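Reader: I have a model open and want to learn to read it. Where do I begin?

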Amino acid sequence: MRRKLAAGNWKMNGLSGQLTELEALAEAHPKPAVDVLICPPVTLLATAARQCPFDIGAQDCHANASGAHTGDVSAEMLRDVGAKAVIVGHSERRESYDEHSDIVRAKARAAQQAGLMAIVCMGESLAQREAQNTLDIIGGQLAGSVPDNATAENLVIAYEPIWAIGTGLVPSLAQIGEVHGFIRARLERRFGAGVGRGVRILYGGSVKPDNAAEIFQVPDVDGALVGGASLKAADFSPIINALEGA
Ligand code: PEP
């Protein structure tokens, strides 16, 4: 049985005052029946990990443990200040920093070696979907971005269609189900039934309080990676409720 996961990606949003949203969220969910993970900007990570009852994650890490990489942060460093997870391969990083799947795989491996859960993101562009290449793209990103040593504990996949991120557009439930089912089958084929059925697959892309419940009914949707709607407790809380009720 996979434990469901509601993960919030704050992206480059939030000064210290934003941490009051975590206090409000913790008050609303003293004992959540699902895993809750918040990924604040790295500047808030250590404080959030100290103060917040939920697991805290980062939004990126370097593939190396240390060295001459000005401005970068390693997975070990994230772990050192209390992170439990790190997002790798978000489409904003794949696009803005030209991060290809081999870099994403190296980052995921570094995360797992440091004891972090790697949330590996993948998703197609609108042009790729319209050209009916979605499953080819996802299959390629899955094969290229996920390291070999996956376990149900050290790996989470996030399916995030690029065209749905921050746009208010959401794929149909059938489209979400098709991709999640495809990812599940590929995970089982590569890692065997035990690991393949144990790895959680999140949907991400314009998840909001008013569409979360129906998305969470889709088979093989084990939770969500939420951007904009994770910034306010008033928005993220009903999403957690919907996942608890799924
Ligand atoms: C994201 O950036 O991972 C995301 C899913 O964003 P949003 O929920 O705002 O579409």
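**Reading the features**

Author: Begin with A213, which counts as partly exposed because its relative accessibility is 42%. Buried means under 20% relative accessible area, exposed means over 50%, and partly exposed is in between (1.4 Å probe, protein chains only). A213 sits in helix α9, residues 212–216. Its C-alpha atom is 19 Å from that of M1, 212 residues away along the chain.

Reader: What should I know about the model itself?

Author: This is a predicted model, where local features need pLDDT of at least 70, side-chain atom pairs count only at pLDDT 80 or more, and totals for chains, interfaces and linings use all residues. Residues are numbered from 1 along each chain as its sequence is written, and side-chain values use heavy atoms, leaving out hydrogens and water.

Reader: What counts as a helix?

Author: Helices are DSSP runs (H or I, at least four residues), and strands are too (E, at least two); numbering starts at the N terminus. Helix α8, residues 173–198, holds H180.

Reader: Is H180 buried or exposed?

Author: H180 is buried, because its relative accessibility is 0%. Leaving aside residues up to four places away in sequence, H180 touches Y159, I201, L202, Y203, P219, D220 and V221. Contact means heavy atoms within 4.5 Å.

Reader: How do I describe two packed helices?

Author: Give the angle between their axes and the distance between the axes. Axes are lines fitted to C-alpha atoms, for helices over the stretch in contact, with angles from 0 to 180 degrees between N-to-C directions. Here, α1 (residues 19–28) and α10 (residues 233–245) have axes that come within 9 Å and cross at roughly 35°. E21, A24, L25 and A28 of α1 meet A233, F236, S237 and I240 of α10.

Reader: How many disulfides does the structure hold?

Author: A disulfide is a pair of cysteine sulfur atoms within 2.5 Å. The structure holds 0.
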